[in-house]
Amino acid sequence: MSLITKKTTGNQLPFNRFLSQIKILKLYYKNYSTLHSENPNLNDFSNPLLTKPPHSLGEPHFVVPAHNMISTQPSSRRSQSPYSHDDIVSSNKMITNYIRMVDLESAREVFENMAVKTTVTWNSMLAGYSKKPGKLKEARELFDKIPDSDVVSYNTMLSCYINNSDIKTAWNFFQKIPVKDFASWNTMISGLSRNGQMNEALELFSIMPEKNSVSWSAMISGYVEANDLDSAVHFFNKAPVKSVVAWTAMITGYMKSRKIELAENLFQKMPVRNLVSWNSMISGYVECGRSEDGVKLFKRMVGLGMIPNERSLTSVLLGCSNLSALGLGKQIHQFVCKSPLYFDTSVLTSFLSMYCKCGDLGNAQKLFHEIRRKDIVTWNAMISGYAQHGFGERAIRFFDEINNQRIRPDWITFVAVLSACNHAGLVDLGIKHFESMKRDYGIEAMPDHYTCMVDLLGRAGFLQKAVDLINGMPYKPHPAIFGTLLGACRIHKNLELAEFAAQKLLDLDPNSAAGYVQLANVYADMKKWDQVARVRQLMKEHKVVKTPGYSWIEVKNVVHEFRSGDRIHSELDLIHAKLYELEKKMKLAGYVPHLEFALHDVVVEQKEMILLRHSEKLAVAFGLINTAKRDEIRIFKNIRICGDCHNAMKYISVIEEREIFVRDTVRFHHFRNGTCSCGDYW
């Protein structure tokens with residue numbers, strides 16, 4: 001049975017109800033790890049000796065007894081120093097607190113100033129180095145100086161090797177641990193699992209003297225990460241005790257495989273759920289294209305008193321972006337303003353991205369300047385926002401600012417920069433940045449970069465250069481790149497190249513509806529109706545179904561969806577009346593319908609009727625009727641806006657004195673006073 005029992009269209013998205021259920025926000029940051037476990041007293045085991053390590057890790061220096069497991073107990077020896085036990089405990093706590101704040105320098109200063117150090121002191125400092133990648137040398141030097149190292153010392157050092165991805169050294173070190181407890185074995189198994197060495201992890205797991213829930217969870221999680229769902233299911237079913245980690249790992253695995261119902265059933269059966277479990281379901285819904293269900297589950301989670309963390313917010317904000325639910329996103333923003341998470345850079349960057357994708361560039365800019373510690377992800381989000389909204393020059397200025405502040409761009413930065421050049425028609429600048437990636441920054445061009453460049457060249461009319469770029473790619477072209485070329489061919493009405501691109505696209509992806517539809521549109525533009533009919537017949541023969549185009553608008557926290565020629569909306573009569581009124585005013589102002597965008601072989605009057613009832617026009621008419629005069633109108637489409645609707649929006653913005661935002665699959669269009677932010681270059 002599905003977690004979501006009611007599915008609606010035009011969904012209301014109220015948030016105040018669950019906001020009122022939270023009286024006090026106390027958000028804690030916790031490190032979750034499968035490397036920690038309980039350590040009960042254990043008897044000796046009489047299992048066989050471990051005579052060889054996992055095969056890819058090399059031969060051990062010596063044999064390790066399989067019964068070599070102990071429980072970790074605090075030392076019974078007490079310091080005989082004149083220093084107070086309370087002073088030592090207090091200093092140890094200071095070291096621990098500094099480490100939690102990732103302030104190793106301060107922790108080390110306290111450590112060095114301690115006249116008397118216990119093994120706990122040394123282990124606490126070692127844990128700080130262990131948790132910070134790149135500090136392996138310092139950790140090893142510290143470990144070698146510990147006067148009375150215990151099993152915790154060894155386990156912490158082992159964890160440090162694993163956290164620095166030095167698995168071979170970790171294995172050799174594991175062999176040398178004098179006595180091993182559960183954590184020793186589990187740390188090594190988890191390390192192998194996390195590094196994709198599941199065969200080696202299985203070998204070690206099979207000879208482990210005794211296994212606890214952490215051992216089983218490490219194997220299940222490892223198989224999920226390795227995309228071996230069958231093995232994960234086998235271990236999950238076989239595990240005598242299933243921890244919440246194991247349940248959550250299986251939910252993640254099912255979601256990754258898009259087996260949503262199985263994930264839902266497992267979530268329902270969980271005896272205990274933690275925040276990670278909820279996050280796994282929420283993010284899974286969003287990543288599987290069911291953002292509405294993800295948002296609903298987030299609200300249910302908070303209503304039950306669970307306090308969201310950074311992962312929760314990142315997922316639900318991506319859901320808001322996908323749904324274009326700006327109102328809900330703003331309410332979550334108000335909610336987070338009252339919590340410590342408001343100072344978290346990644347959380348604020350998620351809000352920034354949400355505002356950009358929902359069309360509120362003003363709030364995105366304001367938030368960007370409020371973020372105190374900006375990382376490259378923050379800069380990328382803002383550059384991408386400018387690119388998507390068509391402000392190419394602003395995006396380029398931000399890229400220059402990154403270089404001025406000596407922040408190193410990554411491959412995503414260049415996708416954003418090339419997209420900005422593409423939307424603004426800055427061909428020469430785009431070529432310059434594309435060529436500088438490898439030369440100046442050592443970044444290899446990836447498929448997304450080539451797609452941007454093909455689109456940039458194609459839109460500007462350099463179709464042959466776009467083809468040459470595709471032919472010169474260092475790897476096999478992907479379907480999207482030919483879809484991009486096909487779209488450019490339609491703009492420039494190049495039938496021969498369009499047929500070439502369509503054939504290449506369909507060779508790579510025979511079930512691509514986009515390939516058939518784009519080619520049919522090219523034929524329709526050229527009035528080749530017999531060829532349009534042929535393409536549509538091919539779609540039927542191959543059972544390819546076109547994704548229907550639709551538009552939606554959010555008014556008073558309710559999302560209203562429209563399809564072209566919609567016949568079911570409750571306010572359809574009022575909408576049609578408004579459109580007829582607008583049509584008369586637009587024609588008086590000089591509007592002429594672009595009939596080539598009515599892709600049917602019918603008479604002129606029918607074509608005009610089809611155009612007037614395109615989904616984006618229905619949505620804008622509804623918005624004009626149901627919002628206050630001069631309010632901005634934001635419309636969203638699942639396909640590109642057509643040329644006639646683009647032209648009509650410019651007239652409507654003047655007649656109604658409204659600013660209209662339309663987001664399609666490519667970019668935002670800001671219509672104001674008869675012009676569009678794209679400058680009619682799209």
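Student: What is the order of the strands in the open sheet?

Tutor: Start with the general idea. Strands of a sheet pair through backbone hydrogen bonds, either parallel or antiparallel. Now the case here, in a predicted model. The open sheet has 6 strands, and their order is β2-β1-β3-β4-β5-β6. The pairing is mixed.

Student: Which strands are the edge strands?

Tutor: Look for strands that pair on one side only. Here these are β2, residues 558–563, and β6, residues 675–676.

Student: In which sense do β5 and β6 pair?

Tutor: They are antiparallel, with 2 bridges between them. Strand β5 covers residues 668–672. Find Phe671, then look across to β6: Cys676 stands opposite.

Student: Which helix lies across β1, β2, β3 and β4?

Tutor: That is helix α32, residues 615–626. Find β1 at 550–555, β3 at 633–637 and β4 at 660–663. Then compare directions: α32 runs at about 15° to β1.

Student: How many helices and strands does the protein have?

Tutor: The count is 33 helices and 6 strands.

Student: What share of the residues is buried?

Tutor: Of the 682 residues in the protein, 51% are buried. The accessible surface comes to about 33400 Å². Carbon and sulfur atoms account for 51% of that surface.

Student: How do I read contacts along the chain?

Tutor: Ask how far apart the partners sit in sequence. Take the contacts between residues at least 6 apart: 66% of them join residues at least 24 apart.

Student: Which residues does Lys650 touch?

Tutor: First place Lys650. This residue lies in helix α33, residues 643–655. Leave out residues up to four places away in sequence, and Lys650 touches Phe671, Gly674, Thr675, Cys676 and Asp680.

Student: Why does Lys650 count as buried?

Tutor: Check its relative accessible area against the cut-off. Buried means under 20%. Lys650 counts as buried because its relative accessibility is 15%.

Student: Which side chain meets that of Lys650 in a salt bridge?

Tutor: The partner is Asp680, at 3.1 Å from N to O. This pair links distant parts of the chain. Lys650 is in helix α33, while Asp680 is in the segment after β6, 30 residues apart. The two ends differ in cover. Lys650 is buried at 15%, whereas Asp680 is partly exposed at 45%.

Student: Where does Asn227 lie?

Tutor: Look in the loop between α10, residues 213–225, and α11, residues 229–238. Asn227 also has a positive phi of about 60° and is not a glycine.

Student: Is Asn227 buried or exposed?

Tutor: Exposed means over 50% relative accessible area. Asn227 has 60%, so this residue is exposed.

Student: Which residues form a nonpolar patch on the surface?

Tutor: Look for nonpolar side chains with area left open. Here Trp411, Ile412 and Met446 form such a patch. Together they have about 240 Å² of accessible area.

Student: Where is Trp411 found?

Tutor: Trp411 is in helix α22, residues 411–424. With a relative accessible area of 32%, Trp411 is partly exposed.

How values were computed
Residues numbered from 1 in each chain as written. Predicted model: local features only at pLDDT ≥ 70, side-chain atom pairs only at ≥ 80, totals over all residues. Heavy atoms only, no water. Helix = DSSP H or I, 4+ residues; strand = E, 2+ residues; numbered from the N terminus. Buried < 20%, exposed > 50% of the residue type's maximum accessible area, 1.4 Å probe, protein only. Contact = heavy atoms within 4.5 Å. Patch = residues over 30% accessible without salt bridge, like charges linked within 9 Å, V, L, I, M, F, W, Y side chains within 5 Å. Areas by Shrake-Rupley, 256 points an atom, 1.4 Å probe, with all protein chains shown as cover. Salt bridge = Lys/Arg side-chain N within 4 Å of Asp/Glu carboxyl O. Pairing = 2+ DSSP bridges. Axes fitted to C-alpha atoms, helices over the stretch in contact; angles between N-to-C directions.
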